[in-house]
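This report goes through the salt bridges, a sheet, a pair of helices and a loop of one structure. Please keep the sequence and the model in view while reading.

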Amino acid sequence: MNERFIYKDVDVILNKTSKFKSIVIDTTFEGEFNSSSIAQKNLLHLVLENNNKFVKTKEEVINKAFDLYNAVVDVNISVNHQILSTSFTLDIIDYDLINKGEVLFEALEYYRNFIFSPDVENDSFQNDVFLEKKKAIKDSIVKRYNNKGAYAVRKLLEQMCPGELLEIPVTGTIEELEKITPTSLYKTYLDMIENESLVISITGNVTKEKAEKIIDTILGDYAYIKKECNLSPFDTTYHEVKEIKHLSEKQEINQSRLVMGFRTNINHQSPLARPLQLFNLMFGGMYSSNLFQKVREELSLAYSIYSDAYIGNQLFMVSAGVNSSDAQKVEEIVLEELAKYQNGDFNLELLDEAKQFLISDIERMDDSNYSINNYYYRQRLLGLDNSPSQLRNKYLSVTKEDIIEASKMIALDSVFTLVGDSNE
């Protein structure tokens, strides 16, 4: 049973189920995504999950978690267009099942400290932890640069989306990272606590009354005043393609990378959102997809090829690892295969396979309280209200005509080729 309500000004999502032996709680702050905030929050979430005012070392965290029957606290961030979410997650055993119900509130206090009692001195995070996490992020940014597939996608987005949020890497940049100090990071933390909207999601065998007591303990003396998040979780701008842009870059690598970026003008509120997801699987999202079978298996023109639909950003992308001499030919074939869909020339058995693929994902979600928690949070975030069974029926109801209509919305905008220095 899923229920949404407001308690003490907090938006609450309660998913009551007796299926699991544990309870998962997410306390999520929703702020604005921009080049500065993503660099700050990337660093902040790593600093906050490491320790707090009361457990200062990994050993202390492990020992305390063990005392609470392996209570696990994680901190994560996620981006949905204009919204940057910071989530504190607690995974605890359902203590009532082991007749230890009184331990719940001790575990909640432990969890609360990670949110509201960071290890801070003189309005500044501890320098050793700060520098350790800062270096880890620098290393991950460099590693992403060395991943040539990810690098090619990033270059395409910079070319295709200047001035748009898509231009900002979700890893942040080294330039923005270098601006952060232990003191400025603490100011970012305070801004999150004081000014961002708050959502608490709970999945487990929890009544509404028990959920309210859980929230009381999490909040403690934190006097939250409701704040509306007026940011959009998905792109609503109409993007007109006036000309196709081509850009290439040469590096000392063997395998070249071809990335094609398409505009769709289809977002999560569009009736074509579900057909676009299915089209993506049919076109290049499964091993049985058209692009994989045609370009890789039949013609041997690519080492790898796949497509992705980024519905929140109204973006569709095809990526391939190719010989540099084959890049243009692969681009032509991708457009030829797309034209077939737009003309209704595709296999309906592939549509049925794509439906079963997504339905299997929905059914697997029911086996994880993490997945259920995340699913209903995203439904709320996106302004939707579909139960998993309703979503399943939406996929099943997609017709051939819906796939044709969705494919006709896909227009090539930009092509980036990372060219290797040899024909391999």
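## Salt bridges

In this predicted model, the count of salt bridges comes to 27. Side chains of opposite charge can pair when their charged atoms come close. One of these pairs is Arg380 with Glu30, whose side chains meet at 3.2 Å, N to O. The two residues belong to distant parts of the chain: Arg380 is in helix 13 (residues 369–381) and Glu30 is in strand 3 (residues 22–32), 350 residues apart. Glu30 counts as buried because its relative accessibility is 4%, and the limit for a buried residue is under 20%. Arg380 and Glu30 also belong to a network of salt bridges, in which they are linked with Asp11 and Lys226.

A second salt bridge joins Lys41 to Glu196, with the closest N and O atoms 2.8 Å apart. Lys41 lies in helix 1 (residues 35–50), while Glu196 lies in the loop between helix 7 (182–195) and strand 6 (197–204), so the pair ties together parts that are 155 residues apart in sequence. Are Lys41 and Glu196 buried or exposed? Both Lys41 and Glu196 are buried.

Lys245 and Asp413 form another salt bridge, and here the closest N and O atoms are 3.0 Å apart. This pair, too, links distant parts of the chain, with Lys245 in strand 7 (residues 245–250) and Asp413 in strand 11 (residues 411–419), 168 residues apart. The two partners fall into separate classes of accessibility: Lys245 is partly exposed, with a relative accessible area of 29%, whereas Asp413 is buried, with a relative accessible area of 4%.

Strands of a sheet pair through backbone hydrogen bonds, either parallel or antiparallel. In this model, six strands form an open sheet with mixed pairing, and their order is 1-2-6-3-5-4. The edges are taken by strand 1 (2–7) and strand 4 (72–80); each has a single partner strand, so one side of each is left without a neighbour in the sheet. On average, and with direction ignored, neighbouring strands of this sheet are turned by 20° against each other.

Within strand 5, Phe88 stands opposite Thr27. Strand 5 (residues 83–93) is also joined to strand 4 by nine bridges, and these two strands run antiparallel. Val72 stands opposite Asp91 of strand 5, and Val79 has Leu84 of strand 5 as its bridge partner.

Strand 4 and strand 5 form a hairpin with two residues between them. In the turn, His81 has a positive phi of about 55°. How many of the 11 residues of strand 5 are buried? The number is 10, and strand 5 is mostly covered.

## Helix 3 on the sheet

Helix 3 (residues 103–116) packs on the sheet and touches strand 3, strand 4 and strand 5. The direction of helix 3 makes about 155° with that of strand 5.

## Helix 9 and helix 14

Two packed helices are described by the angle between their axes and the distance between the axes. For helix 9 (residues 273–285) and helix 14 (residues 388–396), the axes come within 9 Å and cross at roughly 65°. That makes helix 9 roughly perpendicular to helix 14. The crossing of helix 9 and helix 14 is right-handed.

Which residues make the contact between helix 9 and helix 14? Helix 9 contributes Arg274, Gln277 and Leu278, and helix 14 contributes Leu391, Lys394 and Tyr395.

Most residues other than glycine have a negative phi, and most peptide bonds are trans. Tyr69 is not a glycine, yet has a positive phi of about 60°. Tyr69 is found in the loop between helix 2 (58–67) and strand 4. Tyr69 counts as partly exposed because its relative accessibility is 37%.

Asn70 is placed in the loop between helix 2 and strand 4 as well. Phi of Asn70 is near 65°, a positive value in a residue other than glycine. Is Asn70 buried or exposed? With a relative accessible area of 53%, Asn70 is exposed, because the limit for that class is over 50%.

Definitions and conventions:
Residues are numbered from 1 along each chain as its sequence is written. This is a predicted model: local features need pLDDT of at least 70, side-chain atom pairs count only at pLDDT 80 or more; totals for chains, interfaces and linings use all residues. Side-chain values use heavy atoms; hydrogens and water are left out. A salt bridge is a side-chain nitrogen of Lys or Arg within 4 Å of a carboxyl oxygen of Asp or Glu. Helices (H or I, at least four residues) and strands (E, at least two) are DSSP runs, numbered from the N terminus. Buried means under 20% relative accessible area, exposed over 50%, partly exposed in between (1.4 Å probe, protein chains only). Two strands pair if DSSP finds at least two bridges between them. Axes are lines fitted to C-alpha atoms, for helices over the stretch in contact, and angles run from 0 to 180 degrees between N-to-C directions. Contact means heavy atoms within 4.5 Å. Angles under 35 degrees count as roughly parallel, over 145 as roughly antiparallel, 65 to 115 as roughly perpendicular and the rest as oblique. A crossing is left-handed if the near helix is turned anticlockwise from the far one by less than a right angle, and right-handed if clockwise.
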